[in-house]
Amino acid sequence: MARVEFKNIVKVYEDEKRGSFTAVKGSSFVIEDREFVVFVGPSGCGKTTSLRMIAGLERQTSGDIRIGERVVNDLHPKDRDIAMVFQDYALYPHMTIAENLSFGLRNLKRPKDEIERKVKEASSILGLGDMLSRKPRELSGGQRQRVAVGRAIVRDPQVFLFDEPLSNLDAKLRIQMRVELAELHKRLGATIVYVTHDQVEAMTLGERIVVMNEGEIQQIASPTELYNKPNNMFVAGFIGSPAMNFIDARIGGGQALLAGGTAFPLPEAAARALGAYEGKPIVLGVRPEHIYGEAMAPDRAGSAKLEAHVQVVEQLGAESLVYFRVGERMVTARVHPELPVALGARQTFVLDAAKLHWFDPQTEQRIVF
Amino acid sequence: MRSTTSHAAGSGAARFRQFLRNYGWAYAFIAVPVLLFLVFTLYPVGWAFVISFQKYGILKSTWVGFDNYTYMFKDDVFWKSMRNTVIFTIGTVPVNILISFGLAFLIFQLKQRAQTFFKAVLYLPTVASGVTLSIVWIAIFDPTPSGMLNRLLIQLGLDPVIWLGQKSTALFSLMLMSWLGSHGSGIILYLAAMGGIPKSLYEAADIDHASGWKKFSRITWPLLKPTTLYLLVTGVITSFQVFISVYLMTQGGPDFATTTIAYLIYQTAFNFNQFGLASAQAFVLAAVIVIVSVLQFKFFSTDIEY
C-alpha cells in the first residue's frame, strides 16, 4: 500500500469550440497510506478528473503526482500499480467472470496457479464463487459491481480507485454495498480513493473527505469535522441533509438581528468574535436538527428564539420537517414528530445557541471563534 | 341460458367493433406492404416452385417430376457455375470484410470532421448503380495497351493482360472489382459498432496491463463480432447472387469461366427459355444460401451485449 500526494495539480482542458476550461485549479493534498479518502462535490467539480489523474487516464497540465515514493507524472496507468473500479463497471462483456477477474494477471504473464489462487480468493471474499463461468450480462447490478471490485482486488495494487461505483445501483443495494466496501477496506487495509457526488456515501465511508467545488478543494477533513466545523458556506450547505439553513442577519449591541425582525442576545464569546461585524450584514447558519419547537427545546438551547408562520410540514415518522420563512429565505427545522405544529400558525422556534455558525457574506468563509 | 348466449355474442360483436376502432388503421397500414409482399414475392416464389417440376411453356406446361433437378445435377455447366460462385464468394467476402474493417479502424482514429468526410466519400460508390460501376470497370479492364490497368502494368515493365477475355484472369478481375468497390455499408456499420464500445473498457484494459495488440485482439475484435457476422451473412448472400458485373462485363465467359449461378439461372430462363430448369436452379441456390447462413449463425454467433 502507499500514500498518494498531489502537489499544485492543475488540469486545463482545451477545446477548439468552447475554449479552455480549468477542471482542477491547483490542488495539493496527501492521502496517507491505508487511508480511505472520499472526494465529494457536485458534478463538474473536478473530483473524477482528480481520480483519473491519479490513475493516469488523464495527464495533469502542471504539478506533480506521487504514489508511494515515485513521481508518476509520466507513467502509463499500468505502471502506476493502481486498480480502478469504474462507474459503469467496465466489465469485458464477452469474457466470463473468471476471465474478467484474471485478465490483468494474464497480461502480466503470472503463473497459472497464482492466477487461479488469486481469483479464488477474490471470489470468495466477494461471494462470487458459483458465478465464475457466467458472463457479466447474466449477473445482477450488485453482482457486476462485486466483480468490478474483485478485478481490482486480484491485482493487489498499492492504491484502489473508485469512480462513483454505487451510482448505478438502487437505494437498498447501495446501502448494502456501502457496508461491504467499508468492511473490505478494513479487511484489505488498502489505500482507497473514492469519488462520489452523494454526501451520505462520503460521510459513511470516508475517514477523511475532500470537498470540491468548481475545481477547487473547499475543505479536507473528517466527516464529523466537516459537519461541525465547515470552512465555508459551500461545505456547510453541501454536507448534511436536509442542508444547513442560512439566515441573513446583522450584529448590533451584542445582539443578533435576524431578517424578519427577530433579535436575540449573543453568547459572550460570539459577541466578542463578531464585534468586527457590528452594524454589518452577516449570515447565520443553523442545521435543521438544531432548531427546536419551543415546547420541546432542551434547557441548554439558550434564548435564541424566533417566531414564524409554518408553511409546510412533512411527517417522516421518526421526525418531522417543518418549513417556514425568515426574511427572504426558507428555513427547515427537523423536529420531534410529536411536536404540535399547525399549518399556517405562528410558532416559536428555539435555535441551539451552541450550534450556530456565522459566515462572512462577502467571502462566504465561516467566522471562527 | 339463451339470454347468456346472445349476450355473449353481442359483447363479441362489440368487442370486434372496439378492436376495429382501436387497431383498424394500424392493420390498414400494415395491409399495404403485406399485400405487395404476397402478390409480388410470395406468389411468384410459390409459382416458381411449382414450375420447377414442370417443362414450362407459355401455352402448355407438362409435369416432369424431378427431371429438372436430375438434369441440373448432371449438368457440367451447373457445377462449373457453382464452383465459380463459391470461389468468388470465398475470394471476396472475407477480403471485403477485412478491407471494411481496416478502413473503419483507420477512420475511427480521426477527428470528427475528418471522419464525416471519409465516411461520405467511401459511401458514395454504394449509392452508385452496379451498371455504372461495371461500365467504369470495363474501361479499367480494357484489354488494349491503352486500357487503364494495362497502362499501369506497362509502366511497371509488365506485359498487358486481357483481363476479362481469358480464362485465367476473368474471374479474378471480377473479384478485383469487388475488392476495390463498395465498402461503404461495412465501414459505416463497423464505425457505429466501434463507437458503441464503451471507452471505459479500454481504460480498464490500460490499467489491466493490456498492450495495444491485446486491446485490439481481446476487446475490439471480439466486441465487433456481431457486426462481422452480419456482414459475413449478408455478404455471402449478395455474393451468391452476383449477376450485374457478370452480365455486363463477361457474359459468363470465356468458356463459362465467370458463369455464376445467378447468371446461369438468367441464361437458362431468358436465353434458352427453360423456365422449369431455371426455377429448379433458383431453388437449389436458395437452399444453398439458407444452409450456409444457418451454418454461419451456428458457428459465429455471439451473445455479446454491452
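In chain A of this predicted model, residues 4–239 have their end C-alpha atoms 25 Å apart, and the span is 37% helix and 28% strand. Helices (H or I, at least four residues) and strands (E, at least two) are DSSP runs, numbered from the N terminus. The UniProt annotation "domain: ABC transporter", from an unreviewed entry, covers this stretch; such annotations may be inferred rather than shown by experiment, and UniProt positions are given in the numbering used here, with feature names shortened.

Residues are numbered from 1 along each chain as its sequence is written. Local features need pLDDT of at least 70, and side-chain atom pairs count only at pLDDT 80 or more, while totals for chains, interfaces and linings use all residues.

Now to the rings. Over all chains, there are 37 aromatic pairs (rings of Phe, Tyr and Trp, the last by its six-membered ring, with centres within 6.5 Å; planes under 30 degrees apart count as stacked, over 60 as edge-to-face and the rest as tilted). Phe49(B) and Phe53(B) make an edge-to-face pair, because their planes stand at 85 degrees, with ring centres 5.3 Å apart. Phe49(B) is partly exposed at 41% relative accessibility, whereas Phe53(B), at 15%, is buried (buried is under 20% relative accessible area, exposed over 50%, partly exposed in between; 1.4 Å probe, protein chains only).

Phe101(B) and Trp221(B) are also edge-to-face, with centres 5.0 Å apart and planes at 85 degrees. Phe101(B) belongs to helix α3 (residues 76–108) of chain B and Trp221(B) to helix α10 (residues 212–223) of chain B, so the pair ties together parts 120 residues apart in sequence.

Technical notes: Chains lettered and ligands numbered in written order. Heavy atoms only, no water.
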